[in-house]
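The exercises below are to be worked with the sequence and the coordinates at hand. Each task is followed by a solution in steps.

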Amino acid sequence: MNIETIQAPRGAIAVLSGGKVQITDAGATLDLAMSVRYETGASRLAIDKRDFFILSTGVAGDILQKLMNYRFKAAIYGDYSHYTSKPLRDFIRESNHGKDFFFVSTMEEAVQRLTDAE
């Protein structure tokens with residue numbers, strides 16, 4: 001997994017990409033988040049959707065809740081156009097209206113949303 005740290009006005013953003021780490025449950029998410037925080041000091045994560053592959057399994061809400069409990073913000077970037085599940089599309093839309101978690105199409109958009117998030 002590659003971790004690039006970008007300094008932003010509201011704190012560092014860790015961009016995670018190209019790795020073999022696949023976030024499969026809340027515990028794995030917490031381990032990854034805490035490792036990133038320890039290594040980079042970042043509490044804002046931009047994660048490649050390929051590493052966050054479990055959107056259709058129903059555990060995305062649990063994972064995001066775990067991140068929220070530990071005061072992380074995250075943007076998951078990638079192509080979501082092929083998802084047709086109404087509950088999943090609703091989940092993505094609702095997340096994007098909040099201020100902690102975002103589902104966007106590009107890494108640049110993920111960084112921008114995390115930079116702008118309060």
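Two residues are in contact when heavy atoms of theirs lie within 4.5 Å. The model is predicted.

**Exercise 1.** Determine which residues M68 touches, not counting residues up to four places away in sequence.

Solution. 
- Step 1. Locate the residue: M68 is found in helix α2.
- Step 2. Apply the contact criterion, heavy atoms within 4.5 Å. With residues up to four places away in sequence not counted, M68 touches D100 and F101.
- Step 3. M68 and F101 are 33 residues apart along the chain, and their C-alpha atoms are separated by 8.8 Å.
- Step 4. Classify the exposure. The relative accessibility of M68 is 39%, so M68 counts as partly exposed.

**Exercise 2.** Find the buried residues of helix α4 and state which strands they pack against.

Solution. 
- Step 1. Helix α4 spans residues 107-116, and its buried residues are A110, V111, L114 and T115.
- Step 2. Around the axis these residues cover an arc of only 130 degrees, and they therefore lie on the same side of α4.
- Step 3. The packing partners of the buried residues of α4 are the strands β1 (2-6), β2 (13-17), β3 (44-48), β4 (73-77) and β5 (101-104).

**Exercise 3.** Is R44 buried or exposed, and which side chain of opposite charge is nearest?

Solution. 
- Step 1. R44 lies in strand β3.
- Step 2. R44 is buried, but has no salt bridge. The nearest side chain of opposite charge is that of D100, 7.8 Å away. A salt bridge would need a nitrogen-to-oxygen distance within 4 Å.
- Step 3. A polar atom of the R44 side chain lies 2.5 Å from the backbone oxygen of L114.
- Step 4. List the surroundings. Leaving aside neighbours within four places in sequence, the contacts of R44 include R10, G11, A12, I13, F72, K73, L114 and E118.

**Exercise 4.** Describe the largest nonpolar core and name the element that gives the most to this core.

Solution. 
- Step 1. The largest nonpolar core has 24 residues. L45, I47, F52, L67 and F103 are those with the most contacts inside this core.
- Step 2. Two or more residues each come from β2, α1 (26-40), β3, α2 (60-69), β4, α3 (86-97) and β5.
- Step 3. α2 gives the most, with four residues.
- Step 4. Examine L67. Apart from neighbours within four places in sequence, L67 is in contact with T29, A33, L45, F72, A74 and F101.
- Step 5. A second, separate core has 12 residues, among them A8, V15, A110 and L114. A110 and L114 also belong to the buried residues of α4.
- Step 6. As general background, nonpolar side chains in soluble globular proteins tend to be buried together.

**Exercise 5.** How many salt bridges does the structure hold? Work out the network that joins K86, D90 and R93.

Solution. 
- Step 1. The structure holds four salt bridges.
- Step 2. D90 and K86 form one of them, with an N to O distance of 2.9 Å. These residues are four apart in helix α3, so about one helical turn separates them.
- Step 3. D90 also forms a salt bridge with R93, where the closest N and O atoms are 2.7 Å apart. Here the spacing in helix α3 is three residues, and about one helical turn separates D90 and R93.
- Step 4. Through shared partners, the salt bridges join K86, D90 and R93 into one network.
- Step 5. D90 counts as buried at 17% relative accessibility, K86 counts as exposed at 56%, and R93 is partly exposed at 44%.
- Step 6. R50 is exposed, with a relative accessible area of 60%, whereas D48 counts as buried at 7%.

**Exercise 6.** What is the phi of R71, and where is the place of R71?

Solution. 
- Step 1. R71 has a positive phi of about 60 degrees, although R71 is not a glycine.
- Step 2. R71 sits in the loop between α2 and β4.
- Step 3. With a relative accessible area of 70%, R71 is exposed.

Methods: Residues are numbered from 1 along each chain as its sequence is written. This is a predicted model: local features need pLDDT of at least 70, side-chain atom pairs count only at pLDDT 80 or more; totals for chains, interfaces and linings use all residues. Side-chain values use heavy atoms; hydrogens and water are left out. Buried means under 20% relative accessible area, exposed over 50%, partly exposed in between (1.4 Å probe, protein chains only). The arc is that of the directions from the helix axis to the C-beta atoms. Lys and Arg count as positive and Asp and Glu as negative; His and the chain ends are not counted. A polar contact is a pair of N or O atoms within 3.5 Å; within protein, one must be able to donate a hydrogen and the other to accept it, and residues adjacent in sequence count only if both atoms are side-chain atoms. A nonpolar core is a set of buried Ala, Val, Leu, Ile, Met, Phe, Trp, Tyr and Cys residues joined through side-chain atoms within 4.5 Å.
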